[in-house]
Amino acid sequence: MPIYEYLSESPGEPGFSCRICTKGFELFRPIDREALVKCPTCRNAVRKVISKVSSPRTTPAKPFSTSDAKKAGFTVLEKRDTGVYEKM
Ligand SMILES: [Zn+2]
């Protein structure tokens, strides 16, 4: 599920934006739902800033290991001498 980042249309304007949308907030939202147009708390107009694939924000990224990939449900393929890919 993608994460959408929203930011107030008028950040920093007293009386318009709450602390949440002034700083910007992230929202998990199904891709088939329309974009959020109002802050859920203060009802101020917000706009979508970034949409990205949901992934943990770890820097530096952990090395991608075969066992991690398998745990995540990936099918791990390894190249063999014959040039065919064998399902592990
Ligand atoms: Zn707000």
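pLDDT is the predictor's confidence in each residue, from 0 to 100. This is a predicted model: local features need pLDDT of at least 70, side-chain atom pairs count only at pLDDT 80 or more, and totals for chains, interfaces and linings use all residues. Residues are numbered from 1 along each chain as its sequence is written. The mean pLDDT of the protein chain is 76, and 67% of its residues reach 70 or more.

**Elements**

- Helices (H or I, at least four residues) and strands (E, at least two) are DSSP runs, numbered from the N terminus.
- The protein chain has 2 helices and 5 strands.
- Along the sequence they follow the pattern β-α-β-β-α-β-β.
- Among these elements, helix α1 (residues 19-23) has the highest mean pLDDT, 89.
- Strand β5 (residues 85-87) has the lowest, 68.

**Burial and core**

- A residue is buried if 20 or more other C-beta atoms lie within 10 Å of its own, exposed if 12 or fewer, and partly exposed in between; C-beta atoms are placed from the backbone.
- Of the 88 residues of the protein chain, 8% count as buried.
- A nonpolar core is a set of buried Ala, Val, Leu, Ile, Met, Phe, Trp, Tyr and Cys residues joined through C-beta atoms within 7 Å.
- The largest such core has 5 residues: Tyr6, Cys21, Phe25, Cys39 and Val46.
- In soluble globular proteins, nonpolar side chains tend to be buried together.

**Contacts**

- Two residues are in contact if their C-beta atoms, placed from the backbone, lie within 7 Å.
- Take the contacts in the protein chain with a separation of 6 or more: 44% of them join residues 24 or more positions apart.
- Val46, a core member, has contacts beyond its neighbours within four places in sequence, including Tyr6, Cys21 and Cys39.

- Arg29 sits in the loop between β2 (25-28) and β3 (46-52).
- Arg29 is partly exposed because 17 other C-beta atoms lie within 10 Å.
- Leaving aside neighbours within four places in sequence, Arg29 is in contact with Tyr4 and Leu36.
- Arg29 and Pro2 are 27 residues apart in sequence, yet their C-alpha atoms are 6.7 Å apart.
- Arg43 also lies in the loop between β2 and β3.
- Arg43 counts as exposed because it has 12 C-beta neighbours inside 10 Å.
- Phi of Arg43 is near 65 degrees, a positive value in a residue other than glycine.
- Thr75 belongs to the loop between α2 (66-71) and β4 (77-79).
- Thr75 is exposed, as it has 9 C-beta neighbours inside 10 Å.
- Thr75 and Lys87 are 12 residues apart along the chain, with 7.1 Å between their C-alpha atoms.
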